[in-house]
Amino acid sequence: MYLDALTIAALRDELDRRLVGGRVQRIVQPADLAVGFEIYAGERFQLLASAEARAPRLLLAPDRLRRGLEKPTPIQLLLTKYVRGARLEAVRQPDLERVLRLTFTGAEGTVHLICELMGRYSNIILVSDDGFVMEAVKRVPASLNRYRVTLPNHPYVPPPPQEKIHPLLLTPADALRLASVEDGSAVWRLLVAGVLGVSPLVAREIVYRATGDAEYAGTLDPAVAAAVVQATVDLFRLTETRAWAPCVGYAAENGTRVPAAYAAYDLTHWPDRESTEGMSAAMARVLDAALPYDAYRQVRARLQALIDGQIGQHVAR
């Protein structure tokens, strides 16, 4: 599973098409690192954002989101003040970054919810219109990250840019140069290391489309390099054409067909695959199979703690 730049771009377009202009009617915090919004945009949508390291996500959830925490947290209180009743004005993605910026405008002015979906570095940050952090689900002091302090009243600093080649600017000469650095390596590994926005899943798809073998590790001669470049450009032009084709790839586990990968394009190197109706649906199918999102987990844990406490008091008597 890879929440990569192409997935984020497809999500951006899906949320832009379905939610922009809608009004936030309800805000909940299902878990410590997650926030949820009910947005009315002709119909009611449930938008879930989570910064959990193993399965960060921002997607349209199929079911109504539930409160999971006993007391409102600082970020929930601020979201309630600034975002509830506000309209979603825009959904933007910095070029090929795993970041989405949601802009809301309401009675208290304009604020931005920045969802950084980067594995263990994921975070959800509320930022004022003048660029200062208001709150985050993960506060990051200078002792943890001197470059990016994420604390209230500090300027918001975006993730540092990666020193890689933009995929739409990749040339055969660049591909040959990358191959010369690590001669004999699988070509998909070279693409991940040297090309911006390329995840292992995207890289394997590129190499398969260019050579017919996702694990191709042969000599990267000029003809193969040109084919790899063309396949790369074709995939990343989806950010311009927006001809997304959300897809889920399946794997067999103990005789069971299990959703194992999602992508914003047809996974031609995946033998067992099927299209889905949207990027959120593709992500949810795979994420829920691997790490189900349980909106009631923290509610049950809290109730169990209360029950255990009452039983303990009864035994003590």
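Is L96 buried or exposed, and what is its relative accessible area? L96 is buried, with a relative accessible area of 8%, where buried stands for under 20% relative accessible area, exposed for over 50%, and partly exposed for values in between (1.4 Å probe, protein chains only). The model examined here is predicted: local features need pLDDT of at least 70, side-chain atom pairs count only at pLDDT 80 or more, and totals for chains, interfaces and linings use all residues. Residues are numbered from 1 along each chain as its sequence is written, and side-chain values use heavy atoms, with hydrogens and water left out.

R242 is another non-glycine residue with a positive phi, of about 60 degrees. R242 sits in the loop between α7 and β10 and, at 49% relative accessibility, counts as partly exposed.

That loop, between α7 (238-241) and β10 (247-253), also holds P246. P246 counts as buried at 12% relative accessibility. Leaving aside residues up to four places away in sequence, P246 touches A263, A264, S275, T276, G278, M279 and A282, contact being heavy atoms within 4.5 Å. P246 and S280 are 34 residues apart in sequence, and their C-alpha atoms are 8.8 Å apart in space.

Attention now turns to charged pairs. Side chains of opposite charge can pair when their charged atoms come close. The structure holds 14 salt bridges, each a side-chain nitrogen of Lys or Arg within 4 Å of a carboxyl oxygen of Asp or Glu. In one of them, R57 pairs with D288, and the closest N and O atoms are 3.5 Å apart. Because R57 lies in strand β4 (residues 57-61) and D288 in helix α8 (residues 279-290), this pair ties together parts that are 231 residues apart in sequence. R57 is buried, with a relative accessible area of 3%, whereas D288 is partly exposed, at 36%.

E205 is buried at 0% relative accessible area, while R209 is partly exposed at 37%.

E274 and R257 form a further salt bridge, with their closest N and O atoms 3.3 Å apart. This pair links distant parts of the chain, E274 being in strand β12 (residues 273-275) and R257 in strand β11 (residues 256-263), 17 residues apart. Through salt bridges that share partners, R257, D272, E274 and R285 join into one network. E274 is partly exposed at 31% relative accessibility, and R257 is partly exposed at 43%.

Helix α1 is mostly covered, with 12 of its 15 residues buried, among them A5, L6, T7 and L19. The N-terminal end of α1 is capped by D4, a side-chain oxygen of which lies 3.3 Å from the backbone nitrogen of L6. After α1 comes G21, whose phi is positive, near 95 degrees.

Note on methods: Helices (H or I, at least four residues) and strands (E, at least two) are DSSP runs, numbered from the N terminus. A polar contact is a pair of N or O atoms within 3.5 Å; within protein, one must be able to donate a hydrogen and the other to accept it, and residues adjacent in sequence count only if both atoms are side-chain atoms.
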